[in-house]
Amino acid sequence: MAAIAFSDIVEAPKALLHDHLDGGLRPATIIELADQVGHELPATDPVALGEWFVAAADSGSLERYLETFAHTVAVMQTPEGLHRVAKECALDLAADGVVYAEVRYAPEQHLERGLSLDQVVDAVNAGFVEGAAEAAAQGAPIRVGVLLTAMRHAARSQEIAELSVRYRDAGVVGFDIAGAEAGFPPTRHLDAFEYLQRENFHFTIHAGEAFGLPSIWQAIQWCGADRLGHGVRLVDDITGTPAGGDVVLGRLAAYVRDKRIPLELCPSSNVQTGAAPSIAEHPIGLLHDLRFRVTVNTDNRLMSGTSMSREMALLSEAFGWGWSELQWLTINAMKSAFIPYDERLAIINEVIKPGYAKLIG
Ligand SMILES: O=c1[nH]cnc2c1ncn2[C@H]1C[C@H](O)[C@@H](CO)O1
Ligand SMILES: [Zn+2]
């Protein structure tokens, strides 16, 4: 099969479930905002700063990868900064052909200059609304839903869960926990997850990225996660290969596949943190072959120097995936989104399927 042109992948409608607002800033914006608030950066030229983020995040360790966020979070402490970053996020995703995006961030990390949690959420929401309106006017409509994240090492998850529910009809579509995984199991936040279930709200949990099966098991069987943020280490519960005809799924892997629990896989991010050795050896190939509910995501576009189109191009090249696989991944993501079923269906039938049909010809 001939390689798919990158420009065609950009044109293809894409759905993104796992993208961090504070991991996707434009380097030039960081420089301008840092100047305004007096934050010192490791580089002051946009190209050099972008390269610094990728190199520093390319650490082989989730903990060191996360240290780079100090420079983005520092410039997202004012309503203007938050608004601008959210607006540019919507514009950048739309320009990359993303038609549906769930973007997450942790409001508790944006209180250093006196903002309240509500002021943080209001500023970000307004930025997304403005960015989406501008993108639509430019002919690239995008629907953005927000996930509010609580940091797993901190103790504010209940408060953030309540904040998410309060904003459920005002742009927030779900909840998440993130941060260093080892030593901070999801069950630390069980109260928050039980509260969200009682409220019929949706949540995903970063699990099975830097820590293995116990974290995934807790996220699903104790906390009731709708989706898994990463979940890539689920392969530790699978033996054999489809080619060898000897694949055996352990109980947990079988449960995740049987229940169609979506995996928010982030290939480039996983290679940087050491969760996968390379794109070609990324477990997404096996998980796709075994028909798990696989989705492809960017995680942090700045730290990985990536985009949705680039992630798809890398996978297409590594695994020989063509339009049918890229469409399958996109529909998987859209089916797994946290917006209402009828709205998901409308995007699948009115945007995604016609978009791929046009490209497939
Ligand atoms: O891939 C990740 N795993 C765990 N935590 C992460 C990942 N990417 C970003 N984060 C953290 C750092 C951010 O400051 C926070 C909220 O977006 O979430
Ligand atoms: Zn993440």
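Let's start with Ile142, which touches Ala90, Leu93, Ala94, Val98, Val99, Ala101, Ala132 and Ala135, leaving aside residues up to four places away in sequence; contact requires C-beta atoms, placed from the backbone, within 7 Å. The model is predicted, with local features needing pLDDT of at least 70 and side-chain atom pairs pLDDT 80 or more, while totals for chains, interfaces and linings use all residues. Residues are numbered from 1 along each chain as its sequence is written, and chains are lettered from A and ligands numbered from 1 in the order in which they are written.

Ile142, Ala90, Val98 and Val124 touch the most other members of the largest nonpolar core, which has 104 residues. Such a core joins buried Ala, Val, Leu, Ile, Met, Phe, Trp, Tyr and Cys through C-beta atoms within 7 Å, where buried takes 20 or more other C-beta atoms within 10 Å of a residue's own. Helix α6 (residues 79-95) gives the largest share of this core, eight residues.

## Two packed helices

Helices α2 (residues 27-37) and α3 (residues 46-57) pack at about 105°, their axes 8 Å apart. That makes α2 roughly perpendicular to α3, a label covering 65 to 115 degrees.

On the α2 side, Pro27, Ala28, Ile30 and Ile31 meet Pro46, Leu49 and Gly50 of α3.

## Around ligand 1

Ligand 1 is surrounded by 19 residues, the closest being His20, Phe69, Tyr105, Ala106 and Ala178; here the C-beta atom must lie within 6 Å of the ligand. Helix α4 (62-67) and strand β2 (98-105) each supply at least two residues of this shell.

Methods. Axes fitted to C-alpha atoms, helices over the stretch in contact; angles between N-to-C directions. Helix = DSSP H or I, 4+ residues; strand = E, 2+ residues; numbered from the N terminus. Parallel < 35°, antiparallel > 145°, perpendicular 65-115°, else oblique. Contact = placed C-beta atoms within 7 Å. Buried ≥ 20, exposed ≤ 12 C-beta atoms within 10 Å, placed from the backbone.
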